[in-house]
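The following paragraphs lead through the structure shown here, taking its covalent link, its nonpolar core and its charged pairs in turn.

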Amino acid sequence: MLKNLILFVTTYSILCSVASIYLHTKSYKNEYCAQKQVDADDNIRISYLITGDSDDEKVDAKLFDPNNNVVFERKNESGGEHLYKVNESGTYKLCFFVPKPGDNFI
């Protein structure tokens with residue numbers, strides 16, 4: 001019984017901390033953002049991939065802290081991963097900028 005309870009609590013806590021977004025970018029030269037309230041000492045794991053009309057899709061990605069400072073930035077990539085250890089509680093914002101025309105998905 002205790003083993004099942006521990007498994008349930010562990011699984012539930014993992015599922016509660018995972019957020020996923022799916023963006024359909026119909027126009028370019030626009031910034032697409034999502035934000036989430038995060039507690040201090042949490043980890044933010046960013047993993048993204050852009051796909052679309054051609055094999056040469058690229059995107060710029062930025063993560064902003066609650067003070068609007070850039071804490072992660074990648075430019076002109078088709079995908080990437082990053083792990084960020086949160087030092088300050090607050091609303092973090094992840095933005096993608098699509099520099100080229102086309103029907104894309106992030």
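What is the handedness of the link of Cys33 and Cys95? With 110° about the S-S bond, this link is right-handed. The model is a predicted one, in which local features need pLDDT of at least 70, side-chain atom pairs count only at pLDDT 80 or more, and totals for chains, interfaces and linings use all residues. Residues are numbered from 1 along each chain as its sequence is written, and side-chain values use heavy atoms, with hydrogens and water left out.

A disulfide is a covalent bond between the sulfur atoms of two cysteines; here the term is applied to a pair of cysteine sulfur atoms within 2.5 Å. By this rule the count comes to 1 disulfide. The sulfur atoms of Cys33 and Cys95 lie 2.0 Å apart. The pair links distant parts of the chain, with Cys33 in strand β2 and Cys95 in strand β8, 62 residues apart. Strands are DSSP runs (E, at least two residues), numbered from the N terminus. Cys95 is buried, with a relative accessible area of 1%, whereas Cys33 is partly exposed at 37%. In these terms, buried means under 20% relative accessible area, exposed over 50%, and partly exposed in between (1.4 Å probe, protein chains only).

The next topic is the interior. In soluble globular proteins, nonpolar side chains tend to be buried together. A nonpolar core is a set of buried Ala, Val, Leu, Ile, Met, Phe, Trp, Tyr and Cys residues joined through side-chain atoms within 4.5 Å. The largest such core has 17 residues, of which Ile44, Tyr48 and Leu63 touch the most other members. Two or more residues come from each of β2 (30-38), β3 (43-49), β5 (59-64) and β8 (90-98), and β8 gives the most, with 4 residues. Not counting residues up to four places away in sequence, Leu63 has contacts that include Ile44, Ile46, Val71, Phe72, Tyr84 and Leu94, where contact means heavy atoms within 4.5 Å.

Charged pairs complete the picture. A salt bridge is a side-chain nitrogen of Lys or Arg within 4 Å of a carboxyl oxygen of Asp or Glu, and by this rule the count comes to 2 salt bridges. Lys62 pairs with Glu73, the closest N and O atoms being 3.8 Å apart. This pair joins strand β5, which holds Lys62, to strand β6 (residues 70-77), which holds Glu73, 11 residues apart. Glu73 also forms a salt bridge with Lys75, with a closest N and O separation of 3.5 Å. Lys62 is partly exposed at 26% relative accessible area, as is Glu73 at 33%, while Lys75 is exposed at 52%.
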